[in-house]
Every structure is written in structure tokens, then in C-alpha cells.
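Dear colleague,

Please find the structure below, followed by a short account of what was found in it.

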Amino acid sequence: MTNPDRAAPAITELTRPFWDAARQGVLAIQRCGDCGHFNHPPREACEGCLSAKLAFEPVSGLGIVWSFTVMHQKSVAGFEASVPYLTALVELDEQPMLLLVTNLPGASAESAHIGQRVSVAFEPIGPLEDGLILPQFVLADRAGARS
Ligand SMILES: [Zn+2]
């Protein structure tokens, strides 16, 4: 669901390829051309080998819930009407400890658990003229769910 009051991320030169890919419905993560290590958030130098030979590449968009918390506070702008909602760390299948901070739209404290399969889903956020698309994750039993 589009929420125009929700804060949009500040895009930098380093993070722009991530957001450009998301706009195309693709989850792309920075990867090292020398050692193959995925870096997220994106860095100036590979955290595995310090190489600067870095480029973004599409990933599967599949992973597990590594951790999550239930937000009850209404202090985050744009989320006041969403409480309670889940904020999570998702570990992507491509690499151990390749973690993304995300929401788990549609999930509740009762429906989510550590280790649960998730898949990426894309949501337009912020002012519509910015055209920002936010990759988030949904529980696998909701991914492509038949209603
Ligand atoms: Zn490397």
C-alpha cells in the first residue's frame, strides 16, 4: 500500500544502483568482482578483501527471517496507522550473514518466526513523484498466496 507520508530513503551515489534495480522490480546487491563476496549495505571497498571492483547483481530475493521485533510505538513518521508492525533482519540465501533490514508487511507476531522462509516484495513509498520502490519481504506462505 502506498503511503505518501512515509519517509523516503536518502539516495547516494553508492546506493543508487540498489534503488534503480528496485524500481525495475529487481533486488540487486553489491558484489565483489575479485572474491565474490556480497556487501550490504553497499561499501566503497569489499568487506571480504578490500577490493574496489564492486558491481551490483540481481539476487534470488529469497531468504529467512534472521530476527524481528514488533513495533508498538507510533513515533516513526508515516507508520502511525501501521502499529503494531514487524521490523526484521532477513538473511538472503546467497550468503551467510547477508542481512537486510526490512519490514514484514502482512506478518504479525503470531505468524512470523525466526528461520521462516521469506521472499522479496516491492512497495512504492514516499512522494509519488520520486517513484521510489522499496524492497521488503513477505512470509513465504504469503508469497504469491492464493486468496
Ligand atoms: Zn572481495
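Of the 21 residues in the largest nonpolar core, those that touch the most other members are Ala28, Ile29, Ala88, Val90, Leu104 and Phe137. A nonpolar core here is a set of buried Ala, Val, Leu, Ile, Met, Phe, Trp, Tyr and Cys residues joined through C-beta atoms within 7 Å. Two or more residues each come from β1 (28–32), β4, β5 (85–92), β7 (117–125) and β8 (132–139), and β5 gives the largest share, four residues. Because domain 1 (12–59) and domain 2 (60–147) both contribute residues, this core lies between them; the domain bounds come from an automatic or database domain assignment.

This is a predicted model, in which local features need pLDDT of at least 70 and side-chain atom pairs count only at pLDDT 80 or more, while totals for chains, interfaces and linings use all residues. Residues are numbered from 1 along each chain as its sequence is written.

The chain has one helix and eight strands (DSSP runs numbered from the N terminus: helices are H or I, at least four residues; strands are E, at least two).

Gly61 sits in the loop between β3 (54–58) and β4 (62–71). Gly61 counts as buried because 21 C-beta neighbours lie inside 10 Å (buried means 20 or more other C-beta atoms within 10 Å, exposed 12 or fewer, partly exposed in between, with C-beta atoms placed from the backbone). Leaving out residues up to four places away in sequence, Gly61 touches Leu27, Ser119 and Val120; contact means backbone-placed C-beta atoms within 7 Å. The C-alpha atoms of Gly61 and Val120 are 4.9 Å apart, although 59 residues separate them along the chain.

Yours sincerely

Notes. Contact = placed C-beta atoms within 7 Å.
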